[in-house]
Amino acid sequence: MRIAWQGRLRLVISTMLFVTLGVFIALVTTPEFVSDARIMPEMNSGTGGIFKRLASVAGFAGMDLSDAEGVDAVRPDLYPNVLQSTPFVLYLLDQVVVQTNGERTTVANLLMPPGDWSFINWLQRDQEDSVAPFKQMAGKPVKLTRRQEKLVEEIGKRVNAKLDTRSGIITITAKMPDASGAATVAQLSMDYLTQYVTSYRTEKARQDLQFYTQRLTEARQRYQMAQYSVFHYNDQHKYYVVQAATMEKQRMEAELAIAQTVYTELSRQFEQAKLKVQEQTPVFKVLEPAKIPLIRVSPKRSILVLGYAIAGFLLGIVYLITQRINLLHRLKAIVRD
C-alpha cells in the first residue's frame, strides 16, 4: 500500500491507459447476437393410432396397409446432428440475409467479408472462391476450399440444436454479428431441419408413389387400347359367325380382362401409396419462432473495460514493486562499494 501510494501518479496513468485501451477494444469489437427458435417434432405414438384407423377404413376398399406402419428411422434425438453436417453448412453459406441496416448479403460474407483485414492474408491465398457458390456432384467426394473449410468450422460453432429429452422440444440457436442475420439464420436452420426430416421419412413412400404413378399410366393406356380393340372388332365383325373370328374375339376379350384387372389393382396400390406418403409425413409444431434479438450477448463492454482497468492497475503495481526492488539492489551495491 505504501508503494502504491508513493507511485500513485504512475499507477493512475497506467490504469487510465488500460481503461482507454479497453474502451477502444469494446467499441471496435464486432457485436454478437443470439436468436433462438423452438419446435416440437412428431412422436411415433401419435401417428400409429391415426394410421391404424386409416388402415381400417382402407380395408373396406380392398387395400392392405398393414405393412406400411414401421419404426421411425430418424429419431428426434438425431435431429441436432443434421445441423452439424457439412451439406447443411454449405447450403447455409449461400443463403441471402437482410441485415439490420437493410443491406442484403450472404451468410458467408456476413461472417467473413471479402475486405475484412483480419483475414486479408488468407483471402489473398484463396481469392478464386471468394464469391463462388458450392457445387457438389452426386456420388462424388466433397472438395472444399480453404475459405469454405474455415466457414464450415465457424458455422459449426455458431449454429447448433439441442433436444430436451423430457419435453421433446428442439431448440435451435444461431449466433451472428448482426441481429437480423441471427434471426434469419435461425429460421433457415429450422426450415432446413424440417424439410430434411420430411424428405428423409417420405422418400421411400414418394418413390413408391412415383413408381405406381408410372405403372398406372401404362396400365390405363393398355386397358384403353384393349377396350378400343374389342369394340372396334365387334363393329367390324358384327354379322360374322366364323370360328376363327370367334377365337380372335375371345383372345381380345381375355386381353381386355387382364388389362382391366391390372389397372384395377394398380389403382388400389396407387391410392395406398398416396395414403402412405401422407402417413409418413411428419408434423412439426413451431413453439417459438425466431425473433430478432434486441440486446447483444457480446461484447460485455462494462465488464471488458473493468477487466482492462484491473489489468492496468495490477501491471502498475508490478511495475512499481519491480522498480523499488531494483532501487534497493542499487543501494546495496553502493553500500558494498
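This is a predicted model: local features need pLDDT of at least 70, side-chain atom pairs count only at pLDDT 80 or more; totals for chains, interfaces and linings use all residues.
**Entry 1: helix α2**

How many residues does helix α2 have, and how far does α2 reach from its first C-alpha to its last? I looked it up: α2 (residues 8-28) has 21 residues and reaches 30 Å, close to the 30 Å expected at 1.5 Å a residue. The expected span is 1.5 Å times one less than the number of residues.

Residues are numbered from 1 along each chain as its sequence is written, and side-chain values use heavy atoms, with hydrogens and water left out.

Next I checked which residues of α2 are buried, and got Leu11, Ser14, Thr15, Val19, Gly22 and Ala26. They sit on the same side of α2, because they cover an arc of only 135° around the axis. (The arc is taken from the directions from the helix axis to the C-beta atoms.) Leu9, Leu17, Thr20, Phe24 and Leu27 are on the other side of α2 and exposed. Buried means under 20% relative accessible area, exposed over 50%, and partly exposed in between, with a 1.4 Å probe and protein chains only. I remembered that an α-helix has 3.6 residues a turn, so residues three or four places apart point the same way.

And what covers the buried residues of α2? The cover includes α1 (2-6) and α11 (301-336). For contact I used heavy atoms within 4.5 Å.

**Entry 2: Glu32**

Is Glu32 buried or exposed? Glu32 counts as buried, because its relative accessibility is 11%. Its side chain makes a polar contact with the side chain of Arg158, at 2.8 Å. A polar contact is a pair of N or O atoms within 3.5 Å; within protein, one must be able to donate a hydrogen and the other to accept it, and residues adjacent in sequence count only if both atoms are side-chain atoms. Leaving out residues up to four places away in sequence, I found that Glu32 touches Arg158, Lys175, Met176, Pro177, Arg296, Val297 and Ser298.

**Entry 3: the sheet**

Then I traced an open sheet of four strands, in the order β4-β5-β1-β6 with antiparallel pairing. Its edge strands are β4 (159-163) and β6 (284-288), each pairing on one side only. Two strands pair if DSSP finds at least two bridges between them. Neighbouring strands of this sheet are turned by 25° against each other on average, direction ignored.

β1 (residues 33-41) and β5 (residues 170-176) pair over seven bridges, and Ala37 has Ile172 in β5 as its bridge partner. β4 and β5 pair over five bridges; here Val159 is partnered by Ala174 in β5. β4 and β5 also form a hairpin with six residues between them, and Gly168 in the turn has a positive phi of about 75°. I see β5 as largely enclosed by the rest of the structure, because five of its seven residues are buried.

**Entry 4: the whole chain**

Last, I stepped back: the protein chain has 11 helices and six strands. These are DSSP runs numbered from the N terminus, with helices (H or I) of at least four residues and strands (E) of at least two. Of the 337 residues, 32% count as buried.

Technical notes
Axes are lines fitted to C-alpha atoms, for helices over the stretch in contact, and angles run from 0 to 180 degrees between N-to-C directions.
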